[in-house]
Amino acid sequence: MATSKDVAKLAGVSHTTVSRAFRGDVRLRKETYDRVMAAAAQLQYTPNYLAASLKRQRSNTIGLISPDMSNPFFITVAHKLGRLLEDHGYRLLLAFDDYDYEKQQRAVRTMIGSRAEAIIFTPAAGPEPEYIRNPDLHFIQLFSRRYARLPSLNSADDQGAYIGTRHLLEMGHRRILLCGGANRVGGFQKACGEYPDARPDTLLFAGSAEEAEERIAEKIAAHQISAVFAVGDWFAACAYRVIKRLGLRIPEDISFLVFDDLEWTQLLDISTVAQPLNELAETLVQYLLQLLEGGESPSDAVFSPFLIKRNSVKRIAK
């Protein structure tokens, strides 16, 4: 069986260079990297990461516990984060907890058992777990500030809802339906409060998708809604299906705005309130490196959403 020393000899490089190549060290010249990979392929060599991590007491693994595997937003965050971590020689270990406290605790224990060097998670509702007090473990909260002792990265949800609602109001809409996102209703109400003739409505909670769609359809019909602002991906999908089922055209018959810029909103030319995901992922990596290199605990960060205008919001007469 080939070893890393065999690869180094065939590629004409040092043993250390082979290790750097397989860690994904971005400082390594592309020509050198390609030579190492070609030699490894010729010798059918693959590194033993587990043995290496035990020897170095490092796993080069970062854990990410996402609340919802069906939500494209969280998948996009994981994808961007994983690619950036690779540039620094780290691998991403991904798990999902479905917003469930017990599932989250099991996922955390699994990641600790897998020697994850840091864990990124959105704390689920429940008692404060003992592990967050362990000075040898590193945690970062994502889209939450539940635990004051842990650094957090957050989105200015109310600000995003305010920006989106103001856009609809400025385009002449007064009967606006907000779907989903109790954490974003404050910004919606603030914007509507600035227009005395606004007649806003909200649907913040629903059971199944069928129930949500039925209630959205009822509100659109009963309140002569001219614009729907969906501030969660699940509600956005429900609202879009209702609009199509009712035979309404976007934006000719009804305007449609979504919080979070996802692939399907881009394909359908839907205006969105987007979050700076590239900036978020880059900051996450900076925080992780700071924690892993023994620096001071990072301060909390809040990212500002921004409006992307496409062709799903129509200007109407006031």
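I began with helix H12, residues 277–292, which lies across S1, S3, S4, S5 and S11. I read its direction against S4 and got about 160°. I note here that this is a predicted model.

Next I looked up helix H6, residues 101–113. Helix H6 lies across strand S1 (61–66), S2, strand S3 (118–121) and strand S4 (139–142). Against S1, helix H6 runs at about 170°.

Then I turned to the sheet. In what order do the six strands of the open sheet stand? I traced S2-S1-S3-S4-S5-S11, with parallel pairing. Strand S2 (91–96) and strand S11 (301–303) are at the edges. Each has a single partner strand, so one side of each has no neighbour in the sheet. From one strand to the next, the twist averages 15°.

Strand S5, residues 152–155, pairs with S11 in the parallel sense over three bridges. Which residue in S11 is the bridge partner of Asn154? I found Val302.

Last entry: Asp201. I located Asp201 in strand S7, residues 201–203. Is Asp201 buried or exposed? Its relative accessibility is 15%. The cut-off for buried is under 20%, so Asp201 counts as buried. I listed its contacts, leaving out residues up to four places away in sequence. Asp201 touches Ile176, Leu177, Leu178 and Phe188, and also Lys219 and His223.

Technical notes: Residues are numbered from 1 along each chain as its sequence is written. This is a predicted model: local features need pLDDT of at least 70, side-chain atom pairs count only at pLDDT 80 or more; totals for chains, interfaces and linings use all residues. Side-chain values use heavy atoms; hydrogens and water are left out. Two strands pair if DSSP finds at least two bridges between them. Helices (H or I, at least four residues) and strands (E, at least two) are DSSP runs, numbered from the N terminus. Axes are lines fitted to C-alpha atoms, for helices over the stretch in contact, and angles run from 0 to 180 degrees between N-to-C directions. Contact means heavy atoms within 4.5 Å. Buried means under 20% relative accessible area, exposed over 50%, partly exposed in between (1.4 Å probe, protein chains only).
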